[in-house]
Amino acid sequence: MNTSFERKLYERLSEFRNKKFVVGFSGGRDSSALLHFLNRFRDEFSFELYPCHVNHRLRKNAGEDEGFALKVCREHSLKLEVISGDVKNIAETQGISAEQAARKFRIESFTKLKEKYNADYIITAHHMDDLIETFFLKIFQGTTVYNLKGFNLESGTFLRPMLEISGDEIDEYIDKYRIMYVNDPTNKDINIPRNWIRHKIIPEIKEYNPGYLKNILKLQNESSVLDGYLSSKVEKVQVRKNGAVYTINLNDFNTLSEYEKRYLVSAVIADFCRPGKQIIENILGISNKRESRRINLPNDFIFEKSYSYIYFFPSSAVESYEYLKKPSEKVVILSKIGKIITFGNDLKNKSLRVRNRRKGDRFGRKKLKDLFIDAGKDLFVRDTSVIVEKEGEIIFVEGLSDSKNIRIDKISQG
């Protein structure tokens, strides 16, 4: 092994003998070098390789890249899994950038294959230059000091063994073994922030003083240590998740320091949007107020601070709904809010209206809103409580009524 690429990767992967890998293979320089190396040493290390090519259908020559990937895998006597998806449509539907949609689609695709083959890891070709690009990207877009490192060697089911290998070392390996690969023409478009950093900023730093890049890597490692420390500090606060609804006990949340609160909020909202500084500040500002409040978040999510809990949920969770129960129905399933209503005795043979609250509702002689407030019910609970109406009159309100004839169970949504 004459190149530093080989020496570093051999040492790193020797810790993962007898493993099954789903290998992300775009056909580009980095993944071509990784797949070539894995194939060379798969017998020695007893690797099982399942290469996967994700076709995002974003470029005209995406089909050519797919064909190239198939050809390479045939030459390596490997079966290539190809997963294709309309990423542009995903981005438009979910209101996110094409880059975010592509990343999400890749992760979902790789994860499905890992489950299919019962693989140990999803292995990708992220390398040292990617780390440095991510550092600048995060700085320019706005981030926290504990979030400066984009990814680690191991992160859940992902393995990135090339993080200590530079782009120059990859080029040396590519040249030595004359490895063919495809070039993505969009990688040269400096109107894309990551490409601007790659082609304009990093070359200037390398020319001026390459040691500066090592200092960036050290800072990223310090950031990762801080992230681990904060993670251990907020473990005492449980984040409950049911479907896409997150709940945190407000009293538990208030035991955290302001910095720890920022960390926990950032970790939660990262599941559905980019945790920008202003978003986090707005959430913390409302969390410290006495009254109940809601604010809109990106991607049609809502944050709510109420009496007992703070909530993060999609706006669809509190939209109005109505279901007309027929006399023949004993059970009504409301999958939208994750509840099952079972009717007993005379009610199972009645026509009933099942819905959530509306403005002006009255239960008995009082306004339903006042009854909810008197009972200390959170806003989210009020909007998702089941109401049963018979012949235009409310006969049951979840959380306010006792009835042996109506039972409500929650559907566990993971």
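Modeller: Thr 186 is partly exposed in this predicted model. Its relative accessible area is 32%, and it gets that label because the value falls between the 20% limit for buried and the 50% limit for exposed. To find Thr 186, go to the loop between H8 and H9. Not counting residues up to four places away in sequence, Thr 186 touches Arg 59, Ile 192 and Asn 195.

Arg 178 is exposed, with 74% relative accessible area. The backbone deserves a glance here as well, as phi of Arg 178 is near 50°, a positive value in a residue other than glycine. Asn 299 gives you another case, with a positive phi of about 60° although it is not a glycine. You will find Asn 299 in the loop between strand E9 (293-297) and strand E10 (301-305). At 27% relative accessibility, Asn 299 counts as partly exposed.

On the H1 side, the contact is made by Ser 4, Phe 5, Glu 6 and Lys 8, while H8 brings Glu 169, Ile 170, Glu 172, Tyr 173 and Lys 176. Sorted by class, the residues of this contact are three nonpolar, one polar and five charged.

Helix H12 (residues 258-269) and helix H13 (residues 277-287) have axes that come within 10 Å and cross at roughly 120°. H12 and H13 are therefore oblique to each other, and their crossing is right-handed. H12 contributes Glu 258, Lys 261, Arg 262, Val 265, Ser 266 and Ile 269 to the contact, and H13 contributes Ile 279, Ile 280, Glu 281, Ile 283 and Leu 284. Here the classes come out as six nonpolar, one polar and four charged.

Next, some residues in helices and strands. Asn 39 is in helix H2 (residues 29-40), and it is buried, with a relative accessible area of 17%. Setting aside residues up to four places away in sequence, Asn 39 touches Leu 49, His 76 and Leu 78.

Arg 240 lies in strand E7 (residues 239-242) and is partly exposed, at 41% relative accessible area. Beyond its neighbours within four places in sequence, Arg 240 is in contact with Val 245, Tyr 246, Thr 247 and Tyr 309. The C-alpha atoms of Arg 240 and Tyr 311 are separated by 9.7 Å, with the two residues 71 apart along the chain.

Tyr 323, in strand E12 (residues 322-325), counts as partly exposed at 30% relative accessibility. Apart from neighbours within four places in sequence, its contacts are Glu 329, Val 332, Leu 334, Leu 352, Arg 353 and Val 354. With Glu 329 there is a polar contact as well, side chain to side chain, at 2.5 Å. If you want a sense of span, the C-alpha atoms of Tyr 323 and Thr 144 are separated by 46 Å, and these residues are 179 apart along the chain.

Finally, zoom out to the whole protein. There are 15 helices and 20 strands, and the C-alpha atoms fill a box of roughly 85 × 45 × 40 Å, taken along the principal axes. Of the 414 residues, 45% are buried. Among contacts between residues at least 6 apart in sequence, 67% join residues at least 24 apart.

Key:
Residues are numbered from 1 along each chain as its sequence is written. This is a predicted model: local features need pLDDT of at least 70, side-chain atom pairs count only at pLDDT 80 or more; totals for chains, interfaces and linings use all residues. Side-chain values use heavy atoms; hydrogens and water are left out. Helices (H or I, at least four residues) and strands (E, at least two) are DSSP runs, numbered from the N terminus. Buried means under 20% relative accessible area, exposed over 50%, partly exposed in between (1.4 Å probe, protein chains only). Contact means heavy atoms within 4.5 Å. A polar contact is a pair of N or O atoms within 3.5 Å; within protein, one must be able to donate a hydrogen and the other to accept it, and residues adjacent in sequence count only if both atoms are side-chain atoms. Axes are lines fitted to C-alpha atoms, for helices over the stretch in contact, and angles run from 0 to 180 degrees between N-to-C directions. Angles under 35 degrees count as roughly parallel, over 145 as roughly antiparallel, 65 to 115 as roughly perpendicular and the rest as oblique. A crossing is left-handed if the near helix is turned anticlockwise from the far one by less than a right angle, and right-handed if clockwise. Ala, Val, Leu, Ile, Met, Phe, Trp, Tyr, Cys and Pro count as nonpolar, Asp, Glu, Lys and Arg as charged, and the others, Gly among them, as polar.
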